[in-house]
Amino acid sequence: MPELIDQLRLTFGYDTFRPLQREIIEAHLAYRDTFALLPTGGGKSLCFQLPAIMRSTGLTIVVSPLIALMKDQVDQLQEAGVAATYLNSSLSSAEARTRLAGLHRGEWRLLYVAPERLMLDQWVENLKAWNVTAIAIDEAHCVSEWGHDFRPEYRQISKLRALLPEVPIMALTATATVRVRSDIITHLKLRDPQVFVASFNRPNLTYKVLPKDGPSKQIIEFVKKRKDESGIVYCATRATSDRMAAALAGRGYSARAYHAGLDGEERARNQELFLRDDIKIICATIAFGMGINKPNVRWVIHHDLPKNIEGYYQETGRAGRDGLPGDCLLLFSAGDAAKQTHFIEEITNAQEQQVARTQLRQTMHYAESAGCRRRELLAYFGETFPLNECGACDNCLEPRETYDGTMIAQKFLSCVYRIQRASQFGTGINHVIEVLTGANTDKIRSRGHDKLSTYGIGRELARPQWAAVARELMRLGYAAQSEDEYPVLELTEDGMNVLRTREEVMLTKPLAMPKAKRVARAGEITCDEILFDRLRTLRKSLADERKVPAYVIFGDATLRQMAREYPVKEANMVGIFGMGEKKLAEYAATFANEVSNYLENNSRMAFND
């Protein structure tokens, strides 16, 4: 369909589709049910927005879980000249009546609505009367109890199938394991859907893990080099969010907290300030972020160890949604893992506890791994990264040092073997470490483990060091932990071979602070930074006048292209990324004038990359 690219250019100012967008749109326009898994920043919204514009009549209903996201997307669509609206609890009854009247008159092409509102009694007749031609269910993982953000109200969406049996349904999500994908298709009653799963790789994101050592100081040092950039600091608790926001504000940075302990008004105000670039930093619990459509978040820091890889991927994915570079930093401490273990032990449901233990082990594996972080993340979602190294994570940019750990591995594996032989049953990691370090405990004495030949042979390492060795030996496949309620450590066949043959075992030195190193980054647009800053100021002024977030006017990629190509006339703006027909008419002259004024006192820069 060649007209698709014409409409894409005309409305949104884009010359090309992102991976799988065209295929998803064409399947949807052919009235097929579709399931689309695109990573955060992969362009999910366009998959239902463009078909709604392409159809000559009819209404596309978009089921969305968050009020802020609805308003955000509708603002952006209206700026692009698309007839879109939303209905939710933020509207007065008069506003809601006006929009409902418009829906009955067929004035709107897209309607954003929350799942619980859809199934209200009076809506059944409305849905039949509004000539609904498509249904899009955003954040579809919310329908699955196995998803990381299950919402019971999403379960009732399946009633739409019976209510509007001929209408094609599109389910979209940014993160879902194979199990969750299957769950979504089943619960939403998708009929023989075309399934599209894009790569989870976000090449413009750089992943780093640092040993946690005075986190407030570490974060302030990080932010100091990025004073004009927007970022999110994720914290495990409300108290840490408040403390971190206060520490940053005390140093002169515009930072606010966001968590469920704040009243709704303050939470909404802080989020709005962040979306509009009035504040640069949000210090938040994981309550913040789902559906936040702010494309110019340049960095995400995890102050504490995330509970699972899926949540971590989703949270880091809020950086660099505009395709420009983003930094993802995790501060890791084995103490954080110990705290989480304590909370896991308080979970009363045995299955939930087992899942939580497995997830924590996976997260620690990621944090401590010496391998490519991108490869680790993609492997979790069942995807193989085709290269040996990504060139955009700490372990690929500065590979960790290794050392001959044969003797240490022999001591540890031998201790596991001796304990099992002596007791005829396995024990946990902590008990093995206590035997190695010669601890004098009731458990060791009562089981006679103080008489083992391996008792006390590992006093040269502290217990946290032995714990790190144990985790690495498991990663290398020499030992394995059972999935029981009380996990025990066992030697694998490879581990037994190491004991028998005394083959060399290379271990990795612990995480260390990296040296600064400049590398070219995916998504980077080199430009005149002074002009970019002036254009950003102009954008903010225009956005404030219209009471919308700055990125609703233009994204950073658009401004960077202007600051690279110096378009001094309206005609020069044609072909600039993100410059659709309506925005060309509305803003091109203003921004071209700003570029022209800048060049009166500044010379053009030449760019070779």
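Predicted model: local features only at pLDDT ≥ 70, side-chain atom pairs only at ≥ 80, totals over all residues.
View 1. Strands of a sheet pair through backbone hydrogen bonds, in either a parallel or an antiparallel manner.

**View 2. The pairing of strand 5 with strand 6****.** Strand 5 (residues 132–137) and strand 6 (residues 169–173) run parallel and are joined by three bridges. Within this pairing, Ile 135 has Ile 169 of strand 6 as its bridge partner.

View 3. Opposite Leu 87 stands Val 113, which belongs to strand 4. In a regular strand, side chains alternate between the two faces of the sheet. In strand 3, Ala 84 and Tyr 86 point one way, whereas Thr 85 and Leu 87 point the other way, and all of these residues are buried.

**View 4. The packing of helix 18 against helix 22****.** Two packed helices are described by the angle between their axes together with the distance between those axes. Helix 18 (residues 406–423) packs with helix 22 (residues 493–501) at an angle of about 115°, and their axes lie 10 Å apart. Helix 18 is therefore roughly perpendicular to helix 22. The crossing of these two helices is left-handed. On the side of helix 18, Gln 410, Leu 413, Ser 414 and Tyr 417 take part in the contact, and they meet Gly 495, Met 496, Val 498 and Leu 499 of helix 22. Sorted by class, the residues in this contact comprise five nonpolar, three polar and no charged ones.

**View 5. Helix 25 and the elements that cover it****.** Helix 25 (residues 556–565) is largely enclosed by the rest of the structure, because eight of its 10 residues are buried. The buried residues of helix 25 are Asp 556, Ala 557, Thr 558, Leu 559, Arg 560, Gln 561, Met 562 and Ala 563. Their cover includes strand 12 (297–302), helix 23 (529–546) and helix 26 (581–601). Just after helix 25 comes Tyr 566, whose phi is positive.

**View 6. Leu 20 and Tyr 566, two residues with positive phi****.** Leu 20 takes a positive phi of about 75°, although it is not a glycine, and is found in the loop between helix 1 (2–12) and helix 2 (21–29). With a relative accessible area of 22%, Leu 20 is partly exposed. Tyr 566, likewise not a glycine, has a positive phi of about 55°, and its place is in the loop between helix 25 and helix 26. The relative accessibility of Tyr 566 is 3%, so this residue counts as buried, the cut-off for that class being under 20% relative accessible area.

Terms used: Residues numbered from 1 in each chain as written. Heavy atoms only, no water. Pairing = 2+ DSSP bridges. Helix = DSSP H or I, 4+ residues; strand = E, 2+ residues; numbered from the N terminus. Axes fitted to C-alpha atoms, helices over the stretch in contact; angles between N-to-C directions. Parallel < 35°, antiparallel > 145°, perpendicular 65-115°, else oblique. Left-handed = near helix turned anticlockwise from the far one by under 90°. Contact = heavy atoms within 4.5 Å. Nonpolar A, V, L, I, M, F, W, Y, C, P; charged D, E, K, R; others polar. Buried < 20%, exposed > 50% of the residue type's maximum accessible area, 1.4 Å probe, protein only.
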